[in-house]
Amino acid sequence: MHRIRTIAGHVVDFQEPAGYRLTPMPTAALSGISGSIAVITGGAQGIGLQIAQHLGQLGAQLCLVDMNGPVLEKAAATLAKNGMKAKGYQCDVTSESSVAQCFKSIIDDNKKVDILVQAAGITGKTNVKTHEVELDNFEHVFKINSTGVFLCARAVLPSMIKQNYGRIVNIASVSGKEGNAGMLAYSSSKAAVIGQTKVMGKEYAETGITINCVAPAVVQTAMVDAMPPEQVKYMTDKIPMKRTCLPEEVANLVCFIASKEASFTTAFCFDVTGGRSTY
Ligand SMILES: NC(=O)c1ccc[n+]([C@@H]2O[C@H](COP(=O)([O-])OP(=O)(O)OC[C@H]3O[C@@H](n4cnc5c(N)ncnc54)[C@H](O)[C@@H]3O)[C@@H](O)[C@H]2O)c1
């Protein structure tokens, strides 16, 4: 029995189906993570922090990248207290100079990057129809969710090309495939993340670098807590499993994609939607 929060913050007891596990994948099953240098944007909290924790438990050395300095420092300290190697790098992923400086520091500190997970993102204003969307908000969401993904990938690729190996995993969203009404900026920015992943994956397909994305449905994090309950209900009602996703479930999938075992998949969008996605 696992206790989870579902739509609008309700706490429910979730009975795992037989064979279900919420712990990280067994270390022995995945190679290429232990001893790797893993950068996680949006790593200060939520899905990014959960992914960092999973990768750290599998032996990766963690570089958490986030613009929220105090939360970032707390996250790095907590991971370190739990025996993981973790350091925070404050950075605004929308700023070309901030990203360049941040990745220079990471490479100066570690000499290379093996894994980049891009989880920094915002929803912007939600529950608004297209005629009510403000240009500022639309552009702001795109800068973080889409431009940020481009800037960080561009910053890390030279190091991966040099070693003929790398794993980039972008956190997109099912809204980028299907479009959530009331979320024009968010849905279209996540469609752009899927598009970038397809382009980049093909461009580097003949190197040892794979570039994929993951499209989760609703994951119960601070981002979702901050959304209007009617918007969260609209999204959760579309999930055949009739519950929100756990951050651990996204992290398990990301660990597999970031491992050496995921060697013949690139430019792909992985599903983690409880049955919502139809393609
Ligand atoms: N929670 C969900 O239901 C859900 C579903 C699908 C996809 N996603 C995606 O997963 C990712 C993580 O979401 P979450 O729910 O953990 O959100 P969250 O709000 O808990 O965490 C997002 C993190 O990104 C950081 N961030 C925001 N703007 C930044 C910037 N300009 N530069 C650097 N860091 C910045 C924040 O400080 C925060 O730590 C996002 O890309 C989100 O779009 C979330």
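**A close look at Ala 267**

Author: Happy to, and let's begin with contacts. Leaving aside residues up to four places away in sequence, Ala 267 touches Thr 197, Lys 198, Gly 201, Lys 202 and Ile 211. Please keep in mind that this is a predicted model. Val 199 belongs in this picture too: its C-alpha atom is 6.9 Å from that of Ala 267, although 68 residues separate the two along the chain.

Where does Ala 267 sit? Its place is in the loop that runs between α9 (247-257) and β9 (269-272). Ala 267 counts as partly exposed because it has 18 C-beta neighbours inside 10 Å, whereas a buried residue would need 20 or more.

The axis of α9 comes within 8 Å of the axis of α1 (residues 46-57), and the two cross at roughly 50°. That angle is why α1 is described as oblique to α9. The crossing is right-handed. The residues of this contact divide into 8 nonpolar, 4 polar and 1 charged. From α1 come Gly 46, Ile 47, Gln 50, Ile 51, His 54 and Leu 55, and they meet α9 residues including Pro 247, Val 250, Ala 251 and Val 254.

Of the contacts between residues at least 6 apart in sequence, 73% join residues at least 24 apart.

Conventions:
Residues are numbered from 1 along each chain as its sequence is written. This is a predicted model: local features need pLDDT of at least 70, side-chain atom pairs count only at pLDDT 80 or more; totals for chains, interfaces and linings use all residues. Two residues are in contact if their C-beta atoms, placed from the backbone, lie within 7 Å. Helices (H or I, at least four residues) and strands (E, at least two) are DSSP runs, numbered from the N terminus. A residue is buried if 20 or more other C-beta atoms lie within 10 Å of its own, exposed if 12 or fewer, and partly exposed in between; C-beta atoms are placed from the backbone. Axes are lines fitted to C-alpha atoms, for helices over the stretch in contact, and angles run from 0 to 180 degrees between N-to-C directions. Angles under 35 degrees count as roughly parallel, over 145 as roughly antiparallel, 65 to 115 as roughly perpendicular and the rest as oblique. A crossing is left-handed if the near helix is turned anticlockwise from the far one by less than a right angle, and right-handed if clockwise. Ala, Val, Leu, Ile, Met, Phe, Trp, Tyr, Cys and Pro count as nonpolar, Asp, Glu, Lys and Arg as charged, and the others, Gly among them, as polar.
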